[in-house]
2 protein chains.
Amino acid sequence: LATSKEFHSPVYKDEIPTPALLLDLDLFERNLNKMADFLNQKHIDFRPHAKTHKCPVIAKKQLERGAKGICVAKLSEAEVMIAEGIQEILITSEIVSKSKIEQLIALARQCPSLLAVVDHPQPVRDFMEAAESRKVKLNVVIDIDGGNHRAGCLPGRPALDLADLIARSNWLKLCGIQCYAGHVAHTVGFEARMKSSQEALERALESKALIEKYGFPIEMVTGGSTGSYNIDSQIQGFTELQAGSYIFMDLDYRRIGSDRGKVFLDFEFALTVVATVISQSHPNLATVDGGFKAFATDKPFTPELKNITGVSFRWAGDEHGILELGDPGQEIKLGDRLEFLTPHCDPTVNLYDRLYVVRADRVEDIWPIAARGKSQ
Amino acid sequence: LATSKEFHSPVYKDEIPTPALLLDLDLFERNLNKMADFLNQKHIDFRPHAKTHKCPVIAKKQLERGAKGICVAKLSEAEVMIAEGIQEILITSEIVSKSKIEQLIALARQCPSLLAVVDHPQPVRDFMEAAESRKVKLNVVIDIDGGNHRAGCLPGRPALDLADLIARSNWLKLCGIQCYAGHVAHTVGFEARMKSSQEALERALESKALIEKYGFPIEMVTGGSTGSYNIDSQIQGFTELQAGSYIFMDLDYRRIGSDRGKVFLDFEFALTVVATVISQSHPNLATVDGGFKAFATDKPFTPELKNITGVSFRWAGDEHGILELGDPGQEIKLGDRLEFLTPHCDPTVNLYDRLYVVRADRVEDIWPIAARGKSQ
C-alpha cells in the first residue's frame, strides 16, 4: 500500500496509530545508566535479560553501557540477536529436543561465546554427542533450582554429577552456575525479598563450593532480577546480574516495595501503552481501543492511567478496555489519547512489533522488537 | 541463517519447534463446514470474524464456503486482508482519529465494499468531511450498544439521529446496523444466553424499525457470536452472523453449555498449543516451555492437556508452565511434546506468527497469521 509508510512513520507522538508501545527516551536512558553505574560500583557483571525487550537496539545500548553480555530465554531469540551481531549471549531456558540441540550447535559455530544451560544428565549427553559429531565446542552453565521448582537441578550432589558428566567431554566447557528464583523477584517487602533471595542463592553457592572441591572451577554465578538487584549484588560469590525489567518498569514491580518504602521506584516508568477513546455513549464511562491484545493480562490488576487520577480501567475483551470515570483528574473525551502504565512489561512488549521512542511530543525513533513472538 | 529454513519447515508434527500453534485440519474443516451449512439452512448471511484467526488463508476458505464477507476488528487488519485480495470487509470497531479516518478513506478507495461502524455524531461528521474532500464513497453501519456499554450508541433516538446525519451526505451510505453484545457470547446456560441475546438484539431491531419509519432502509442487521449462532439465527430481522471462534474452539466456549447439555461442543477443538517438557527435577512436577507468551491469560482458568487426564497446568512465568502430575493417565517425561487446549483462542493466536496445519503425524501446510499484532 502506497499509504502504509506515512501511517507507520509518525513524526509527532499524537500521530502514532493506537494502541502502541511508547518508550520515553529520557526515562529509558536514566534507567539504562542507573543500573549500569550501580553494578559497576559493586563490581558485579551485568547480563541484562533481553526477554524483556526482545529488541536488538536496546541490547546494543546495554552492551555499550558496559554489560558483559545479554541473556535470552529461548534459542529463537538468540538467533535474532546473533543475526544482529550480538555475540555474548546466555540462553537461560533448558534446551532438550534433538532438533533444537542441532540448532544450538549451528548457532554455537557462528557464535563461540554462546552459553546454554543444563539441569539434567540426558540433555548433557545429547549436547556431547551433537557437539562431538559436528566438531563444535559448546559452553554450558549448570542451572540450579532456586527453590520454586520451575527449572534447574537440585543443589548439591545432582549439580556435582552434572559437572562431572560435562567434564568427560572435550566438546563441552563448564562456564558457571545459573540460579534464578522466579518467586524472589516479586516477593513483596524488601526484608522478605532479601531473605528469599539469600536462601535461593545459598543453594547455588553451596553447590559451587562442592563442585569446586571436586576440581571443577566455577567462574560465574549468574541470576537475579530487577527486584533483587541491590540484594544479590551484596552476596559474596554472586558474579552476574540478569535483570531485565529495570529498563521499562511496570506495575508489578512497583508494588514489591524497596529499602526506602512501600513502593519500588528505583527505576522509572519508561514504557507505556497509548490508547484512544473510541466510544463514549454513557455517563462516567469511556471505551479505549486496547484490551487483551494490547496489554498482557497475567497479573490480577489492570493498566493504570499514567497522568490522570480518579479513573479505573477494566478489561472489555480482546480489543477494548472500559474506563470508569469515578472522579477524573481531567476531562476525558472521545478521541483522547491516553497513556497507560502496564501491569507486566515483558509479555506486553511481546504483543507489539515496534517501540515508538519519544521525547516530549516527538517520535525520535522506531525500534523493531525483532524477537517478538520468538518463544521457541 | 542457512539453517533457519530447515528448522521452520518441519515435515512431521514432532519436528515443529515448540511452543507452537497447531491446527488439526480434519477438525478445522468440520467446523468450517458445520457453521456454513447451518447458516445456509437458516438463510442467515455469514460474515465470520477474522479477529479470531488473523489469517487470510482461513478467511478465503470461509469465503469459498459461502461467507458473504468477513469482519475485522481494526483498520490495520483490514489493510492486511485487502492486500491479500479480500474485498467484503466490515471493520467492527469505531474509528475516530483523524489520521485513521484518512487511512480508512484510502482503503475505501481501493476496496469500495469496505464497511465502517459509527456510534457518535462527531466521527460521522469527520467521515463526511474526509470522504467529500477525497471524493470517495464510504459505507457506514450504525453500531448500537447491546447492553454491555462497551461500544455502540444508545438504541432508539440516538441511532435515528445518526441515520439522519449520515443521510445528509452524498458521500456516506448507510448499509445497516451492528449490535454485538460481548456479554452474551459467554453467558453460561443456553436458556440464559438465549434471553440475553434476545434482549440485546431487541434494542437493535426496535432501532431498525424506528429508523426505517423515518425513511432510511436498513438492509443488514449484523452481530452475534459462536455462543449465540443457533439463537440469533432464529430471530426475525437479524440478517448476518459474525461468529469467529467456531473455527478453533476454546475452553471458555466449552463451559457456556448448549441446548443439549452442560458443555458446548457444537464445534471441535481444532486449535492446540504444543509445548515440550524441558525440566523435570521434582516428583510429580514437569515444566513445559510455554507460559504467558505462549497462551493468553485473560481467563481465570489455565490450559488443559488435550489427551491426558489427571494433570493440571499452572502458570510459571513468561516462558514456563508447571504441570502437576496428580494422577496422570500416561507417563510424562523429559522431552515429551504435549498438546494443550487453550483458555481463549483469539488472543492466543495473536501471540504467534504461523499456524502449523497438521493431519495425523504430518505438517500439511503452514499458514501465516498475517494480521498478528495488527491491533491498530
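**Ground rules.** I am working from a predicted model, in which local features need pLDDT of at least 70 and side-chain atom pairs count only at pLDDT 80 or more, while totals for chains, interfaces and linings use all residues. Residues are numbered from 1 along each chain as its sequence is written, chains are lettered from A and ligands numbered from 1 in the order in which they are written, and side-chain values use heavy atoms, with hydrogens and water left out.

**Entry: the parallel sheet of chain A.** I looked up the strand order and found 8 strands in an open sheet of chain A, running β2-β9-β8-β7-β6-β5-β4-β3 with parallel pairing; strands are DSSP runs of E of at least two residues, helices are runs of H or I of at least four, and both are numbered from the N terminus. Two strands pair if DSSP finds at least two bridges between them. The edges are β2 (45–46) and β3 (70–72) of chain A, each of which pairs on one side only. I then followed β8 (221–223) and β9 (240–241) of chain A, which pair in the parallel sense over 2 bridges, with Thr222(A) opposite Glu240(A). Helix α7 (157–167) of chain A packs on this sheet and touches β5 (115–118), β6 (138–143) and β7 (172–179) of chain A, its direction making about 170° with that of β6(A). Contact here means heavy atoms within 4.5 Å, and the angle, on a scale from 0 to 180 degrees, is taken between N-to-C directions of lines fitted to C-alpha atoms, for helices over the stretch in contact.

**Entry: strand β1 in each chain.** In chain A, 4 of the 5 residues of β1 (20–24) are buried, so this strand is largely enclosed by the rest of the structure; buried means under 20% relative accessible area, exposed over 50% and partly exposed in between, with a 1.4 Å probe and protein chains only. β1(A) pairs antiparallel with β10 (271–279) of chain A over 4 bridges, where Leu23(A) faces Leu271(A) as its opposite residue. β1(A) also pairs in the parallel sense with β16 (354–359) of chain A over 4 bridges, and there Leu22(A) has Tyr356(A) as its bridge partner.

**Entry: Thr226(A).** Where does Thr226(A) sit? I found it in the loop between β8 and α10 (229–232) of chain A, buried with a relative accessible area of 1%. Its side chain reaches the backbone nitrogen of Tyr246(A) at 2.9 Å and that of Ser245(A) at 3.3 Å. Leaving aside neighbours within four places in sequence, Thr226(A) is in contact with residues including Tyr253(A), Phe264(A) and Phe267(A).

**Entry: chain B against chain A.** The contact takes 68 residues from chain B and 68 residues from chain A. The rule finds 8 salt bridges across this interface, each being a side-chain nitrogen of Lys or Arg within 4 Å of a carboxyl oxygen of Asp or Glu. I checked Arg372(B), which forms a salt bridge with Asp353(A), the closest N and O atoms being 2.6 Å apart. On the side of chain B that touches chain A, α5(B) gives the largest share, 7 residues.

Key:
A polar contact is a pair of N or O atoms within 3.5 Å; within protein, one must be able to donate a hydrogen and the other to accept it, and residues adjacent in sequence count only if both atoms are side-chain atoms.
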